[in-house]
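Work through the exercises below with the coordinates open. Each task is followed by a solution in steps.

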Amino acid sequence: MRAGKLGWWAAVLVLGLGVAVVCFREPPGGDSSSSPHVRAAETERARARFAPLLAPHAEGSLRITGVVRDARGPVTGVQVSASRVDADTLSERPCPQQPSDHRHASPWLHHGNCCFVEMASGFARWVEAREGEAPVFAQTLTADDGMFVLEGLPAGAFTLWALGDTGATVRPGIPAGSDGVTLLLEPGFFFSGRVVEELTRAPVPGAQVTMIHEDGSRFFDALTDAQGRFRAGPLPAGRYLKVASAKGWRTKAFDDDVWRDADTDVTLELQRRTWLEGLVLTPEGLPASGLDVHLRPTKEGGDTSSTRTDAHGRFVFEEVSVAPQELWTQARDGTTHGEAWVTPPGNVVLRMKPSWSMEGTVRDEQHRPLAGVRLRVSSHRLGGQPPPATLTDAAGRYRLGLLLNPAINLELMREHYIDRLEPVSLGKAHEGPWDFTLTRAQQFEGRVVDTEGLPLAGAQVTLDMTHDVPERLFRSHFPEDGIAESDETGHFFVDSERKGSGRVLVTARGFRSVLLPVEVPSTGVRVVMSRGASVSGGVLDATGRPLSNAQVWLWNTAPLSGDAHITDVDAQGAFSLGGLEAGHYVVEARLRSPGIERAVSQPLDLEERTQATVSLRFQEGRTVRGMTVDSAGQPVPAVRIQACLLQEDVPAWQTDAPDCLSSAEGGILSGPDGRFVFKHLTAPAYRLIAWKEGEAFAPSRSRGGTPDTTALLVTTGQEDVRLVLERRPRLRGQVVSDNGTPLSCEVRERSPWVHAPDGAFEIPLPEDGPTSIQVRSKGFLDLQRDLVVSPGRDIYLGTLRMSRGRTVRFRVLDEVTRAPLAGVSVAIAPSFETRTPHGHALPSHYGNLDAEGGIALEGVPFESASFFVSVFTNAETEKDVALDATQESVTLRVPGPER
């Protein structure tokens, strides 16, 4: 069979439907119309929707044959492809904290996404550049009898993908050369949502959203429509990384730990790209040329951007995110530095400040110099760089430079000595040198060996000198007086500030923990560790296929046994836990999917040094179908529904039960006709909760179960439910300016802000009780109204008149030269009360003075007010400023940086 060239889903907007759908890419030169397996319904208009398929990655002499079926029989026109991951695919790239050549380095995915924050910007870059996708080696379309042939394959195992209009499936581990492979087409799910601007929540049209199947590293693309909406599918079940990008916006990766097998709707927030320019001045106020200037987002990770000042000290960043950022620079010799916190776009002035330094000697209690003492500043660091640190030399001397502030917290650390934290104030009465004395620690020393007497390297030894923790909980809640790790010979040293009786906890991977009473100081302590019992096995779905995204919990059912042992399964669904005590356990596998956290468990008795093997297979469970309707019985679409275990059904051994919280984007989603389906329900009863913005769930009016105050209880045999949502009360009003004209503004009762371009707003309210709203508009004073909501009753506030505020410009000059202190940091805050006599809140501000030494404070009411101004030169200068009801400028004179 010749490989078909027809693409699967489109990556363009479907006009009239207002959605975008997923696509694959086609090899250049392909002619899909020549394929005998293209559906007859493929018209010229439909053909234009299809994007090209991925070009095959390599050629070989082997093939895979088979058939694609669904519940009704063979399916024609399904795209079938073969791919496999390699070291360059996203799912196989190791966490950054692991050495890339370490033989135990694991892909980021199998760390439970523990390093996603560190890797998020890298994922965004790779996906934007179309890197990291699993290469496709062959692809075709199924014939009229559902048969397919994948040809030209090299040796090895492949992941097969079947992607059709009515369903999808993925099957890993199929060897090249296999015949008669059956791919069962499953319903799949649709991934939909919207892309919005982070601050205003305005839609971002034309954005590309890429969904990456984490295990298989396959990319699925969609485009947003004019309302910022996208829709992709049907997609095969799995866990997905999302990346959103658009021209003029910062590309961003999004992640969660949910196994997707039901329709999903998400909101992805992007930050607009803009410009930031500025000027760097020396401490004397002269342009500083040739300096590297750096910019980094202050939250959510993100890459650092860098540029260089020109001959006039100016710099520009042409494409940066509209988000809070840290801006900094420092002289190459480390003697001066400058920093600011900014939100682009804008123009900022950085005035360099001298960097502080200190020097001295560290000695022991006998006044002998100590070499190798590590001194480190534990306070603010510049641009997220490592904190300033140094080591003492053979004479105990040190010099510590690039200190940003004169007030620091200094850590002094040396093996076998008690750590010291010393607050230091530089540049005041004490000019230095700064000398310190370290006290020798009490020593706890010994070796860790196994039962054969062989040394154990890498065992963690934790010492505690308290006795107020129950012994069984000691292992998971162990106070730390000193921690060490055994070396290649099993040898360890633990330093303690105290002496006397204590306890030591020794842990090592694959060995039973050891808890011993000890006396400190002690030497020659021998700790013998036993491998204990172990358990290994696999996790399967209801059809017997391995599950790669489950989490395994091993519970010791003895009282006060502490936390469970937790591990993730690997790509083949396998897991292993060792170093266990003898006892009665329950081994449990969990899988988070939309609307429900599924679990399967099995009791397990472990004896000393036994190796148990278990297989955990999720049950198919029962299905509950239903509709979300309004009080008149009409369908309500896009309602989120969650199924929760009853509290009394949570097993006693389970101290950390699956949660059941309604969240903005959790739960399964009811369709356009209000219908929803819950599969894989295995417990006798579940509580169904439902929520949607602007609606209130009414269990008492719902059918198909037993209502309580917040949920509908559905038990075995109840398979058809109606969940009723009632319209929540609305708050309406009209915002006008002080001259009575409609005023563009933003309103919120709770986050997020709702934009009202003509001042007219309507927002949903909580069901009942007290609440308040806020109204804001640039150039006007913020407005707040307190409300009491009654069930079922709308509130009309009428006309809300906003008062104009004034902008007061503060100008700061050198008290001697009268020169403006351009680039110096200034903080302005209300002096005492945060509100004026008429109840208006006073604003505050922190930032750098501009080139004229000025800074603008917006939103000041036309009333008398007083402020507290702090000017940060070499030392902080504080000023009280009183403003009359009309004043719009004030000049302050403070000591210059050189004084």
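**Exercise 1. Find the side chains with which the side chain of Asp221 makes a polar contact.**

Step 1. The side chain of Asp221 makes a polar contact with the side chain of Arg130 at 3.0 Å. A polar contact is a pair of N or O atoms within 3.5 Å; within protein, one must be able to donate a hydrogen and the other to accept it, and residues adjacent in sequence count only if both atoms are side-chain atoms.

Step 2. Another polar contact of the Asp221 side chain, at 2.7 Å, goes to the side chain of Thr210.

Step 3. Asp221 belongs to strand β13, residues 218-223. Helices (H or I, at least four residues) and strands (E, at least two) are DSSP runs, numbered from the N terminus.

Step 4. Asp221 counts as buried because its relative accessibility is 7%. Buried means under 20% relative accessible area, exposed over 50%, partly exposed in between (1.4 Å probe, protein chains only).

The model is predicted: local features need pLDDT of at least 70, side-chain atom pairs count only at pLDDT 80 or more, and totals for chains, interfaces and linings use all residues. Residues are numbered from 1 along each chain as its sequence is written, and side-chain values use heavy atoms, with hydrogens and water left out.

**Exercise 2. Describe the surroundings of Asn848.**

Step 1. Asn848 sits in strand β65, residues 845-848.

Step 2. Is Asn848 buried or exposed? Asn848 is buried, because its relative accessible area is 16%.

Step 3. Leaving aside residues up to four places away in sequence, Asn848 touches Glu339, Ala340, Val348, Val349, Leu350, Gly823, Val824, Ser825, Gly854 and Ile855. Contact means heavy atoms within 4.5 Å.

Step 4. Take Val824 from that list. Val824 and Asn848 are 24 residues apart in sequence, and their C-alpha atoms are 5.3 Å apart in space.

Step 5. The Asn848 side chain reaches the backbone oxygen of Gly823 at 3.3 Å. With the side chain of Ser825, the side chain of Asn848 makes a polar contact at 3.1 Å.

**Exercise 3. Give the strand order and pairing of the open sheet that contains β56.**

Step 1. The order of the three strands is β59-β56-β62, with mixed pairing. Two strands pair if DSSP finds at least two bridges between them.

Step 2. β59 (760-764) and β62 (795-801) are the edge strands, each pairing on one side only.

Step 3. From one strand to the next, the twist averages 20 degrees. Axes are lines fitted to C-alpha atoms, for helices over the stretch in contact, and angles run from 0 to 180 degrees between N-to-C directions.

Step 4. β56 (residues 730-736) and β59 run antiparallel and are joined by five bridges. Which residue of β59 is the bridge partner of Arg730? The partner is Pro764.

**Exercise 4. State the chain totals and the confidence of the model.**

Step 1. The protein chain has two helices and 69 strands. Of its 899 residues, 49% count as buried.

Step 2. Among contacts between residues at least 6 apart in sequence, 65% join residues at least 24 apart.

Step 3. The mean pLDDT of the chain is 84, and 86% of residues reach 70 or more. pLDDT is the predictor's confidence in each residue, from 0 to 100.

Step 4. Over residues 98-113, pLDDT stays under 50, and the model has 41 contacts beyond four places in sequence for them. Where pLDDT is low, the predicted coordinates should not be read in detail.
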